Amino acid sequence: MRKRKYLVGALLSVVGALVVSGTASAAVTGQSYSVTTSPAKQQKKVFGPVGSFKNVVDTNYSGGFSPFGTQTVLTFSKDIKFTPGNIPQCNLSSINTVPQSSADAQCGRSKVGTGSATINGGLLTGVVAAYNGQPSGGSPTIGLHTDVFLPSGAYSFSTTLTGVLNTHSNTLTVDIPPTGTAITHFETTITKKKSGKKKVKVHGKKKKRPIYYVMARCKKKKWVNSETTTFSDGSTQSASTVQKCKQKKSKK
């Protein structure tokens, strides 16, 4: 109980310092976004497995850390495809605020990636785990569960950012919980995860080929991805990124 009181007291002290630092002159000065899809060598027309899909969003502030982000919309190249398939679905509400150890115990088979976060320029840090969630309105979801730690390294609390994937527009809309803090760095890497098999025609014959959570092709020799974040004051910031890819010969 004493340890819990200490952690709560320490967290309140940190949050108090953040509120004081959030003066009227505080502002978001810009964002940067990077996406690294590996391997970068893919077929021109046929989607192939992605071994690593890393997304990084950095938000720059001046004069304090407000306003806070409330939602980020990621728009992916149409040459990148998400197929949750038969990956087990996690009930994200059941892991929303529990530590990652408990989230893994409940939804370990749904885990599709990991990452990290920096909050208020490093006053708090986060460890991220990505889970394939249950569909929302027929759309796939991904839970970005985050354990938050104090400057001392002690665990503080957990929260989950829920993203809804629109497979038609190829966008991922991520709602950011209102924790009273600003995410200044957030990165997630989705790893190679088999999600089932699909029948394809090869020389007039149907064959089953494996499909994966993230797949890519190299139709235009580059992947263009972008993001837009909305903040608590109604303002927005956007950033985009371009990665070159190399075409390889189609499989027969």
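The following legends describe close-up views of a predicted model. Local features in this predicted model need pLDDT of at least 70, and side-chain atom pairs count only at pLDDT 80 or more, whereas totals for chains, interfaces and linings use all residues. Residues are numbered from 1 along each chain as its sequence is written, and side-chain values use heavy atoms, with hydrogens and water left out.

**View 1. The largest nonpolar core has 30 residues.** A nonpolar core is a set of buried Ala, Val, Leu, Ile, Met, Phe, Trp, Tyr and Cys residues joined through side-chain atoms within 4.5 Å, where buried means under 20% relative accessible area, exposed means over 50% and partly exposed lies in between (1.4 Å probe, protein chains only). The members that touch the most other members are Phe 53, Phe 82, Ile 142, Leu 144, Ile 190, Tyr 213 and Val 214. Apart from this core lies another one, of seven residues, including Cys 90, Leu 92, Ala 103 and Tyr 131. In soluble globular proteins, nonpolar side chains tend to be buried together.

**View 2. Phe 82 and its surroundings include an aromatic cluster formed by Phe 53, Phe 76, Phe 82 and Tyr 213.** Once neighbours within four places in sequence are left aside, Phe 82 is in contact (heavy atoms within 4.5 Å) with Phe 53, Phe 76, Leu 165, Asn 170, Tyr 213 and Val 214. The structure holds six aromatic pairs, a pair being rings of Phe, Tyr and Trp (its six-membered ring) with centres within 6.5 Å, counted as stacked if the planes are under 30 degrees apart, edge-to-face if over 60 and tilted for the rest. Phe 82 and Tyr 213 make an edge-to-face pair, because their ring centres are 6.4 Å apart and their planes stand at 75 degrees. This pair links distant parts of the chain, with Phe 82 in strand 6 and Tyr 213 in the loop between strand 14 (205–212) and strand 15, 131 residues apart; strands (E, at least two residues) and helices (H or I, at least four) are DSSP runs numbered from the N terminus. Phe 82 and Tyr 213 are both buried.

**View 3. Three salt bridges are found in a search of the whole structure.** A salt bridge is a side-chain nitrogen of Lys or Arg within 4 Å of a carboxyl oxygen of Asp or Glu. Glu 187 in strand 12 (residues 183–191) and Lys 54 in strand 4 (residues 52–62) are 133 residues apart, and their side chains meet at 3.8 Å, N to O. Glu 187 is buried, at 18% relative accessible area, whereas Lys 54 is partly exposed, at 32%. In the bridge between Asp 79 and Arg 217, the closest N and O atoms are 2.7 Å apart, and both residues are buried. For Asp 104 and Lys 111 the corresponding separation is 3.3 Å; Asp 104 is partly exposed at 27%, and Lys 111 is partly exposed at 21%.

**View 4. The largest cavity has a volume of about 480 Å³.** A search of the whole structure finds two cavities of 30 Å³ or more, a cavity being a set of points, on a 1 Å grid over the protein atoms alone, where a 1.4 Å probe fits but cannot get out, with lining residues having an atom within 4 Å of a point. Grid points are joined across faces, edges and corners, and a volume is the space filled by probe spheres set on the points. Of the 32 lining residues of the largest cavity, Val 57, Leu 74, Leu 144, Val 174 and Phe 186 are the closest to its centre. Strand 12 gives the most to this lining, with six residues.

Terms used:
1 Å grid on protein atoms, 1.4 Å probe; cavity = no way out; pocket = protein on both sides within 12 Å on 5 of 7 lines; lining within 4 Å.
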